[in-house]
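Please keep the sequence and the structure in view while reading.

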Amino acid sequence: MIGFGKQTKQETAVLVLRDAPEIAGLLRQELGTATDDLRPGLERALELVSEVAAVPDAEMRGRWVRQRLASVGHEGPVDSVPAIKALREAEPGLSLRQAVAYAREAAAAGPGAATTPGG
């Protein structure tokens, strides 16, 4: 996830970057030539990459919001006024509108959005 500097109202300040399809392709190539002792580990890695690839962008942004809030020590509801203030302090380039939208998205994703796939 990347936060950008000042944005116009219509631009998105948080961009979800996904390398999962490329990584999955590389793992599949390796599986084609893997020895029997390497195959189970590569298969598990491919499963994990597939889980990550299936996570919706909104959930990824929700995780990003929770991580940014945690980095500034915010505890409590992610869509509260103090959370939005903390999010804007953590990412000064976010407009108030963007911070509110991302905080609402994170709240809608729920606390489970902070977990990692396979864990």
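## Salt bridges within helices

Glu59 has a relative accessibility of 25% and therefore counts as partly exposed. The model in which this value was computed is a predicted one. The partner of Glu59 is Arg63, whose side chain meets that of Glu59 in a salt bridge with an N to O distance of 3.1 Å, and Arg63, at 14% relative accessibility, counts as buried. Both residues belong to helix α3, where they stand 4 residues apart, about one turn of the helix.

A search of the whole structure finds 5 salt bridges, and another of them joins Arg44 to Glu47, with 3.0 Å between the closest N and O atoms. These two residues are 3 residues apart in helix α2, which comprises residues 39-53, so that about one helical turn separates Arg44 from Glu47. Arg44 is partly exposed at 35% relative accessibility, and Glu47 is likewise partly exposed, with a relative accessible area of 43%. Arg44 and Glu47 are also linked with Glu51 in a network of salt bridges.

## A salt bridge between separate elements

Arg68 forms a salt bridge with Glu91, and here the closest N and O atoms are 3.3 Å apart. Because Arg68 lies in helix α3 while Glu91 lies in the loop between α4 and α5, the pair ties together parts of the chain that are 23 residues apart in sequence. Arg68 counts as partly exposed at 22% relative accessibility, whereas Glu91, at 16%, counts as buried.

## The aromatic pair

How many aromatic pairs does a search of the whole structure find? The search finds 1 such pair, formed by Trp64 and Tyr102 in an edge-to-face arrangement, with 6.4 Å from centre to centre and 85° between the planes. Trp64 is part of helix α3 and Tyr102 is part of helix α5, so the pair ties together parts that are 38 residues apart in sequence.

Both partners fall under the 20% limit for a buried residue: Trp64 has a relative accessibility of 5%, and Tyr102 has a relative accessible area of 7%.

Which residues of α4 are buried? They are Ala83, Ile84, Ala86, Leu87 and Ala90, and because they cover an arc of only 160° around the axis, they are placed on the same side of α4. The buried residues of α4 pack against α3 and α5.

The face of α4 that is turned away from this buried side carries Val81, Pro82, Lys85 and Glu89, which are exposed.

## Helix α5

Helix α5 consists of 14 residues and reaches 20 Å from its first C-alpha to its last, close to the 20 Å expected at 1.5 Å a residue. Its buried residues include Gln98, Ala99, Val100, Tyr102, Ala103 and Ala106, with Tyr102 being the residue that pairs edge-to-face with Trp64. After α5 comes Gly110, whose phi is positive, near 85°.

## Overall arrangement

The protein contains 5 helices and 2 strands, and from the N terminus on its elements run in the order β-β-α-α-α-α-α. Of its 119 residues, 33% are buried. Among the contacts with a separation of 6 or more, 55% are accounted for by residues 24 or more positions apart.

Terms used: Residues numbered from 1 in each chain as written. Predicted model: local features only at pLDDT ≥ 70, side-chain atom pairs only at ≥ 80, totals over all residues. Heavy atoms only, no water. Phe/Tyr/Trp six-rings, centres within 6.5 Å; stacked < 30°, edge-to-face > 60°. Buried < 20%, exposed > 50% of the residue type's maximum accessible area, 1.4 Å probe, protein only. Expected span 1.5 Å × (residues − 1). Salt bridge = Lys/Arg side-chain N within 4 Å of Asp/Glu carboxyl O. Arc of directions from axis to C-beta. Contact = heavy atoms within 4.5 Å.
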